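Here is a walk through one model, chain by chain and then across the contact. Keep the viewer open as you read.

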Amino acid sequence: MEFYWDTEQTAFRDEVKAFIATHLPEDWESLAHGPGSREQTDFSKTFCNQLAQAGLLVPHWPKAWGGREADPWTLFILAEEMWMAGEPRGGQYMNVNWIGPTLMRYGTEAQQQRYIPPMAQGTTLWCQGFSEPEAGSDLAALKTRAELGAGGYVINGQKIWTSYAGMADNCFLLARTGTGKSGISIFLVPMDTPGITVREIPSIIGEGDIHEVFFDDVAVGEDCLLGDPGQAWEIIRHVLSLERVGIPRFAMAARVLERTVKRLHDGGRLNAGAIEQAARAKAACESARWYSYSIVDQRRHGVTPGPEASLARFATVTAERLVAEFVVEHAGDALAGGDPLVLSHHQRAIVAGIASGAAEIQLNLIATELLKLPREPR
Amino acid sequence: MDFRLTDDQRQILDALDKLADTFDDIANDFHGFALVRPDLREALAEGGFFDIAGFEELGPLPASMAVERIAQLPCTAEVALSMLVSPLIADVGYDPIALVRPGQAGRFVDSAKWLLVVDATRYGLIEAAVADVTSVESIYAYPMGRAKDLAQVTWLEDSLTARIDARLKLAIAAELVGLMAAAQAATIEHISVRKQFGRELGTFQALRHRMAECRVQIGGARWLMLKAAATGDPGDAALALFHAQDAGTRLCYEVHQMMGAMGMTLEMSLHLWTYRIKALLSDMGGRGVQAEAVLEQCFGGVNVV
């Protein structure tokens, strides 16, 4: 067992840090009005394009698609540094982590040629059309339908909680083409297709983050189908295997915690209660970090992460929560114009246990798959 | 980073596992708190397991995993300090050693050959035979004792203080992780078969989620413990012990609550682990002191006044 970064990993982290130091403007923290805002999206397109030119946007991708075939550690180090900096890639992390690799595996030649190069260049934003009003954690209950006709598919239905939809160029859309889980298909739909209406939902997360997306007789060609009809569940399982590591939210949480502790210390406001809460939050951040590393290590050695990934996900939720609570209790001024980065973290932290499936789903998986407790009756 | 065990680590831990299996039983007529097996120490010494931390090829990482494994047994013996702390102190060898805070009861104090005395800023060593040691009754599932006369203590070099401090924290954290895992395993076994309202208790989400959260805590404490073992860093050790003590506090409540009245009996083995956990929750000053160390050592330049 080794708990040290090797020379290559250290060099890569230094490279990413140096890039961030050079390319993030001084007012970056106050720029982030919301992860899906116009300011963030415009900034991200410039920033990600610069990352791409430096070979730092998709290092784990095949060389044929602009990558350097780096291992999973490289991708995670990159993500850690980005999150520590407040995730200047915005919603494009999804392209990098899973939409691009999924298209490489399941897309047609034409789909790959159309969609992957802009992702590799950092100039495009996608949204994922998964959740619906009656299908959240229970994704298989989705009702949006795609009917095959003479000229292709006609899509009708509604998505909700769709992040980045207001600024997205394309949607990775789940729609029903039959019944049951095997009746769900995936469509790659340009967001300017007639019949798509996007309504932003004002939220506590920040500007431009979540949306309703309505599909009214949206006509798309058969060439928009990803994979075969009814193959969505298999593809989603592949997506989840790419996403199992999750987002290193703990990196931003740890930075916010460190900054807040320093500020309290310098202001002589580090009381006994704050000290114990800070230690608890620090332990939670580091637990999440090492759980996540253990999953990356599995992937590095060709092991498909199993239910252990749920431990990492829930540990991350816990870290986010404890840091957010620490700030509210001991440095509440930061959320009232005191510190844009701390505010941004607080707004995003609430998402950790809700997005990509409720945290309670992770607890169920841990109980059943790891602890081997008997299943709940259905 | 590479979290696979090396061949050497795997072999030694497999051998330890086999040895531990032979101590994994409880006599039917045992209805007490401290189930002590002195022959466990003898078997570990004979197998060379007390040498693990001292071997350059092995070191504190597999030694801490060994402490964790032994802590899962229903029986106990002084193992953690001998495995992780004694290698730092000359003359102690494989003899049992106990941590003593002047005026306070400590585990294994009445059966140790050596006492490691701690005051505010330093560690000292004294033979138990000259410290007027007595046994004390306790609900902690360790044999407990007090040392009345520490006048002849020999204070160790200041240069050792930080290393001993970090190793003690690591040793206690490793023991806590093993104890928590064993207590949870016993509870899971119970709620997987015990039925109420026509269903196994373990099917109720109110219990499943709490057990899952405890599992997250235990696993997190384990990762922090392993990292502390690998780096030897004082801040890592403080963080590992803080988290282990924090997790242990909650776990003790949860497992007894889920075991119900069965867990109150001395027939069940649960208390053998939980009442050892409780003994360790105040070690090294408890969570509050660990939290201060975390602040000073993990947040770069922050001093606790």
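The notes below start with conventions and then turn to the chains, their contact and the core.

## Ground rules

This is a predicted model, so to speak of local features we need pLDDT of at least 70, side-chain atom pairs count only at pLDDT 80 or more, and totals for chains, interfaces and linings use all residues. Residues are numbered from 1 along each chain as its sequence is written, while chains are lettered from A and ligands numbered from 1 in the order in which they are written.

## Chain B overall

Chain B has nine helices and nine strands (DSSP runs numbered from the N terminus: H or I of at least four residues for helices, E of at least two for strands). With a radius of gyration of 19 Å, close to the 19 Å that the globule rule gives for 305 residues, chain B is as compact as a globular protein of that length. That radius is taken over C-alpha atoms, and the rule is 2.2 Å times the number of residues to the power 0.38. The C-alpha trace of chain B spans about 65 × 45 × 45 Å along its principal axes.

Of the 305 residues in chain B, 48% count as buried. Buried means 20 or more other C-beta atoms within 10 Å of a residue's own, exposed means 12 or fewer, and partly exposed lies in between, with C-beta atoms placed from the backbone. Among chain B contacts with a separation of 6 or more, 67% come from residues 24 or more positions apart; a contact is two C-beta atoms, placed from the backbone, within 7 Å.

## A sheet and a helix in chain B

Four strands of chain B form an open sheet in the order β1-β3-β4-β7, with mixed pairing (two strands pair if DSSP finds at least two bridges between them). The edges are β1 (97–100) and β7 (154–155) of chain B, each pairing on one side only. Strand β4 (residues 123–127) of chain B runs antiparallel to β7(B), joined by two bridges, and B:L125 has B:T154 as its bridge partner in β7(B).

Helix α6 (residues 205–231) of chain B has 27 residues and should span 39 Å at 1.5 Å a residue; its end C-alpha atoms are 39 Å apart, which agrees. The expected span is 1.5 Å times one less than the number of residues. Mostly covered, α6(B) has 22 of its 27 residues buried. After α6(B) comes B:G232, with a positive phi near 70°.

## Spots in chain A

In strand β1 (residues 126–129) of chain A, A:W126 and A:Q128 point one way and A:C127 and A:G129 the other, and all are buried. Four bridges join β1(A) to strand β4 (residues 170–176) of chain A in parallel, with A:W126 opposite A:N170.

What about A:G67, buried or exposed? A:G67 has 20 C-beta neighbours inside 10 Å, so it counts as buried. A:G67 sits in the loop between α3 (38–53) and α4 (72–84) of chain A. Beyond four places in sequence, A:G67 is in contact with A:V58, A:P59, A:H60, A:W61 and A:P62.

## Where the chains meet

The contact takes 40 residues from chain A and 43 residues from chain B. On the side of chain A that touches chain B, the largest share, 14 residues, comes from α9(A).

## The core

The largest nonpolar core has 212 residues, and A:F187, A:V323, B:A173 and B:M225 have the most contacts inside it. Such a core is a set of buried Ala, Val, Leu, Ile, Met, Phe, Trp, Tyr and Cys residues joined through C-beta atoms within 7 Å. Helix α5 (residues 158–193) of chain B gives the largest share of this core, 17 residues.
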